[in-house]
Amino acid sequence: MPTGSSYLKKRRTALKFLTRTPKRKFGQRQFHQLRVEIKKLRATLIRLEFQLKNFDGKRIYKPFRKLFAQAGKVREIQIEKAMLHEQEEQGQLPEYLKQLDKKIRKERSRFFNVRNVKLNSKIQKRLKSLEKKNRDAENLDPAPFLNSLTDEIKLLLLTGSLAPEGVHLLRKKLKNLTYNLESLPQQKLIQAHPDQDHLVNLLGTWHDLITVHQTLLTEITSEKISQEEKPILEKINDKFKSESDRIFDEINQKIPLFDDFVFFPKPKSQEN
């Protein structure tokens, strides 16, 4: 069974590889993988801040912040392009798709300016110090943290219906929970709701749709969009909005079913 240290070493190895992968080999999959790895790291930092006194997670995370944000800008455009290519009208958008390619190249260039040798050195030093801190927490019971995080999720679910801001927050907290369960050997003690993975997938799909929809709302009003392509983009964006609304409603329909969301073992201090 993996320990917290072995899990963190895997994150360090993956991040080291991704921060050194040559530009020509750094494609859409690598941008996605990098952001996932940083999210997993951030989830660990949140747990350690809960478990260890005087642990400064913000200091550890600082070198990753700009890298994560800039990778996110590239990913958003990549997702938008991929979603547009799935539409039957995509052949009628040659100019707009060219604009997206130009934006991707621009944001990629900015990303690689951020991902420099100096930053990579800082990242490796932070990860090395984090491994030491994580060893300090390995003998601590994670149940109080897991229960605290689960209580926050249950509090959101108890509303019975969430506004968009609440859905975004639920998505982040579920990701935090998922990644921490991956990192802890106690994860097999957890009883997860059978529809939990489906809910997480719905949240992710909704997030992509609403993000692209909001981007297109802004782009459609831009003078850079040709008059011929503007109505086509409006039609596609209406479909994105309709689908995001449908998924949003499905998410809120499922929320009342999660009254028995997850159960964690009691902290050791509370056991009989």
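## Aromatic pairs, helices and pockets in a predicted model

A search of the whole structure finds nine aromatic pairs, where rings of Phe, Tyr and Trp (its six-membered ring) count as a pair if their centres lie within 6.5 Å. A pair of aromatic rings is described by the distance of the centres and the angle of the planes. Planes under 30 degrees apart count as stacked, over 60 as edge-to-face and the rest as tilted. The model is a predicted one, in which local features need pLDDT of at least 70 and side-chain atom pairs count only at pLDDT 80 or more, while totals for chains, interfaces and linings use all residues. Residues are numbered from 1 along each chain as its sequence is written, and side-chain values use heavy atoms, with hydrogens and water left out.

The chain has nine helices and two strands; helices (H or I, at least four residues) and strands (E, at least two) are DSSP runs, numbered from the N terminus. Their order from the N terminus is α-α-α-α-α-α-α-β-α-α-β. Of the 272 residues, 47% count as buried, a term for under 20% relative accessible area, as against exposed for over 50% and partly exposed in between (1.4 Å probe, protein chains only).

The aromatic rings may now be considered in turn. The centres of the rings of Phe-26 and Phe-112 are 5.7 Å apart and their planes stand at 85 degrees, so the pair is edge-to-face. This pair links distant parts of the chain, as Phe-26 is in the loop between helix 1 (4-20) and helix 2 while Phe-112 is in helix 4, 86 residues apart. Both Phe-26 and Phe-112 are buried. Ring pairs also join Phe-26, Phe-31, Phe-111 and Phe-112 into a cluster.

For Tyr-61 and Phe-64, the ring centres are 6.3 Å apart and the planes are at 20 degrees, so this pair is stacked. Tyr-61 and Phe-64 are separated by about one helical turn because they are three residues apart in helix 3. Tyr-61 and Phe-64 are both buried.

A ring may also have a charge over its face, which requires NZ of Lys or CZ of Arg within 6 Å of the ring centre and within 35 degrees of the ring normal. Arg-35 lies over the face of Phe-68 at 4.0 Å from the ring centre, and Arg-42 lies over the face of Phe-68 at 4.8 Å.

A pocket is defined on a 1 Å grid over the protein atoms alone as an open set of points where a 1.4 Å probe fits, with protein on both sides within 12 Å along at least five of seven lines; lining residues have an atom within 4 Å of a point. The largest pocket holds about 980 Å³ of space, a volume being the space filled by probe spheres set on the points, which are joined across faces, edges and corners. Its lining has 29 residues, and Arg-35, Lys-39, Arg-171, Lys-175 and His-207 are the closest to its centre. Helix 2 (28-51), helix 3 (57-85), helix 7 (164-183) and helix 8 (196-220) each supply at least two residues of this lining.

The second largest pocket has a volume of about 360 Å³. Among its 16 lining residues, Ile-77, Gln-99, Lys-103, Glu-107 and Glu-219 lie nearest its centre. Helix 3, helix 4 (94-114) and helix 8 each give two or more residues to this lining, and the largest share, seven residues, comes from helix 4.
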